[in-house]
Amino acid sequence: MAFLHEDGTGLSGANSYVSLASAADYATEMGYSDWVAATDPNKEVALIKATRFIDANYSFNGLISKTTQALAFPRSGAYDKEGRNLIGVPSLVIQACVELARVALTKDLVTSPETAAVKRKKIKAGSVETETEFAIDGGSSLDASPCPMA
């Protein structure tokens with residue numbers, strides 16, 4: 001699969017919210033030497049994984065702009081929490097994608113329960129209830145927290 005970043009027009013073959021150049025600019029601005037040192041093919045794979053993670057774990061207000069577009073952005077009728085119309089791929093989504101891609105360079109963004117360490121377990125005896133939260137790499141966990149644009 002060829003790497004194709006969404007340019008804000010609703011591409012049917014896009015698989016990343018961020019271009020390599022935009023990711024490099026953001027990483028340089030943030031001082032992320034690990035991103036700068038990675039190879040372009042590894043960055044592309046990481047950006048694709050990050051984009052898939054975002055689309056699989058978050059829902060956004062508004063509607064997709066085109067029925068043929070591959071990704072959740074661009075959207076029509078989408079506004080941020082300040083009421084500004086979201087055009088193209090919002091900067092917060094781009095930033096989140098690069099942040100997740102940095103993690104994806106060295107770790108899986110999604111860990112199956114069979115391979116994840118248990119971070120927290122809750123068991124209730126009355127009316128039987130169980131709850132298990134898994135951790136990635138035995139310690140940290142990625143949490144699909146509420147999105148400020150949802």
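Analyst: Happy to. Let's begin with burial: a residue is buried under 20% relative accessible area, exposed over 50% and partly exposed in between, using a 1.4 Å probe and protein chains only. This is a predicted model, where local features need pLDDT of at least 70, side-chain atom pairs count only at pLDDT 80 or more, and totals for chains, interfaces and linings use all residues. Residues are numbered from 1 along each chain as its sequence is written, and side-chain values use heavy atoms, leaving out hydrogens and water.

User: Why is P90 called buried?

Analyst: P90 has a relative accessible area of 7%, so it falls under the 20% limit and is buried. P90 belongs to the loop between β2 (75–76) and α4 (91–104); helices (H or I, at least four residues) and strands (E, at least two) are DSSP runs numbered from the N terminus.

User: What makes N15 buried, and which residues is N15 in contact with?

Analyst: The relative accessible area of N15 is 7%, so N15 is buried too. With neighbours within four places in sequence set aside, its contacts (heavy atoms within 4.5 Å) are M1, A2, F3, L4, L47, I48, T51 and L71. A polar atom of the N15 side chain also lies 2.9 Å from the backbone oxygen of A2.

User: How do you know that the span of α4 is close to the expected one?

Analyst: The expected span is 1.5 Å times one less than the number of residues. α4 has 14 residues and reaches 20 Å from its first C-alpha to its last, close to the 20 Å expected. Its buried residues are V93, C97, V98, L100, A101 and A104, and they pack against α1 (20–30), α2 (33–37) and α3 (40–57).

User: Why is the pair of Y26 and Y32 called edge-to-face?

Analyst: Rings of Phe, Tyr and Trp (its six-membered ring) pair if their centres lie within 6.5 Å; planes under 30 degrees apart are stacked, over 60 edge-to-face, and the rest tilted. Y26 and Y32 lie 6.3 Å centre to centre with 65 degrees between the planes, so the pair is edge-to-face. Both residues are buried.

User: What makes R102 a charge over the ring of Y32?

Analyst: The rule asks for NZ of Lys or CZ of Arg within 6 Å of the ring centre and within 35 degrees of the ring normal. The charged end of R102 sits over the Y32 ring, 3.5 Å from its centre.

Methods. Polar contact = N/O pair within 3.5 Å; in protein donor to acceptor, adjacent residues only side chain to side chain.
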